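Dear colleague,

I am handing over the structure we spoke about, and my notes on it follow below. Please have the model open beside you as you read.

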Amino acid sequence: MALLALLLLLGSASGSAPGPQWPLQRVPVVWPQQTEERPAPHFLRPAQLELNSSCGPECHKRAPAPSYWDLRQFLSYETLHSSGQLTETAVGIYGFDAEAFYRPPAGRSRHRRQIFGPDGRFSIIGQDFLMNYPFSTAVKLSTGCSGTLVGDRHVLTAAHCVHDGKNYVKGAQRLRVGFLKPRQKETSGGNGTEPSKMKFQWIRVKRTHVPKGWITNTGSANDIGMDYDYALLELKKAHKRRHMKLGISPAAKQLPGKRVQFSGFDNDRPGQLVYRFCEAGDETYDLLYQRCDAQPGASGSGVYTRMWNRRRRRWERKVIGIFSGHQWVDLSGTPQEFNVAVRITPLKFAQICYWIKGNYVDCREG
């Protein structure tokens, strides 16, 4: 029954009747204006896979909306090159609908993140699943996080996997991306259901883009920095696997079954790809809170959903967020734990798409 539910959620069952549809949204332009060289990073501290914050969902909702000039600062970005060179690029923003930004999402109930009762995660085993889309889009970072293929040479992940808010983490200069490859089983069981031993094929990262919204405002994932916990990695060579498209995050109530799903490499299941789906909970303009069971190592996974594209008249899976991971929030001395995903807003879509495509013409549909 669990496998049947999984296959149905993934859309394996055929059907022609359109269901939930990707909303049509106007995509602004985030355009690089000036690039300057910055001092070389230190690469001293290891990546932290769990984040601390003093700001929870209600705190984020009370925060004042950033101005146009604030957004320009937050969406400016640093680029770390494999040579160790660091540059900073200022951006301009064009065609942005400010009213859409200030319109708050519909309120939803808030849940604490825990693994409630039975663990709801699925370990994906078997070559037919692991090497096929969409599971084949999940990759592992050498810093211990996960990521998702979003281009022929590009991987989307969480910013804290490569930068701690003050400096780039140990291993960020020689960052590698691992592609899971199953090896032949050493023993043959009677039912053939035991997990195969796994190995990774690694590709070096050529460039890493991190928004200034993460760098400028964090040290411990504070109230603004959490909104910009994403990074894009450009590989030194093409990976030759099918990648997942980017999509602008719909409101939680518009998601099919109000659910999200993602796959990553949780630390408590080494050598396994772990898939999960769950109901989306509370949300702000930039963040999505959900109850998906997860452990450290899954940070950076692409949160995705499958909806009907009315223009192309076909079903499409798209990455609509980046799993930021477990975030511990100190509420009046009482720690609470949340699972948080950074939503891909129109501005973030425009920025990430430009990093991938190198132009804005191909980034007009989210």
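Which cysteine does a disulfide join to Cys353? In this predicted model, the partner of Cys353 is Cys363, with an S to S distance of 2.1 Å. Cys353 belongs to helix H7 while Cys363 sits in the segment after H7, so the bond ties together parts that are 10 residues apart in sequence. The torsion about this S-S bond is about -85°, which means that the disulfide is left-handed, and both Cys353 and Cys363 are buried.

Helix H7 itself, residues 346-357, is mostly covered, with 11 of its 12 residues buried, including Phe349, Tyr354 and Trp355. Its end C-alpha atoms are 16 Å apart, in agreement with the 16 Å that 12 residues should span at 1.5 Å a residue. Just after H7, Gly358 takes a positive phi of about 80°.

The structure holds 3 disulfides. Another of them is formed by Cys145 and Cys161, whose sulfur atoms are 2.2 Å apart; the torsion about the S-S bond is about -95°, so this disulfide is left-handed. Cys145 and Cys161 are each buried, at 0% relative accessibility. Cys278 and Cys292 also form a disulfide, with their sulfur atoms 2.1 Å apart, and this link is left-handed, with -95° about the S-S bond.

Trp31, which is found in strand S1, is partly exposed, with a relative accessible area of 33%.

With best wishes

Key. Residues numbered from 1 in each chain as written. Predicted model: local features only at pLDDT ≥ 70, side-chain atom pairs only at ≥ 80, totals over all residues. Heavy atoms only, no water. Helix = DSSP H or I, 4+ residues; strand = E, 2+ residues; numbered from the N terminus. Buried < 20%, exposed > 50% of the residue type's maximum accessible area, 1.4 Å probe, protein only. Expected span 1.5 Å × (residues − 1). Disulfide = S-S within 2.5 Å.
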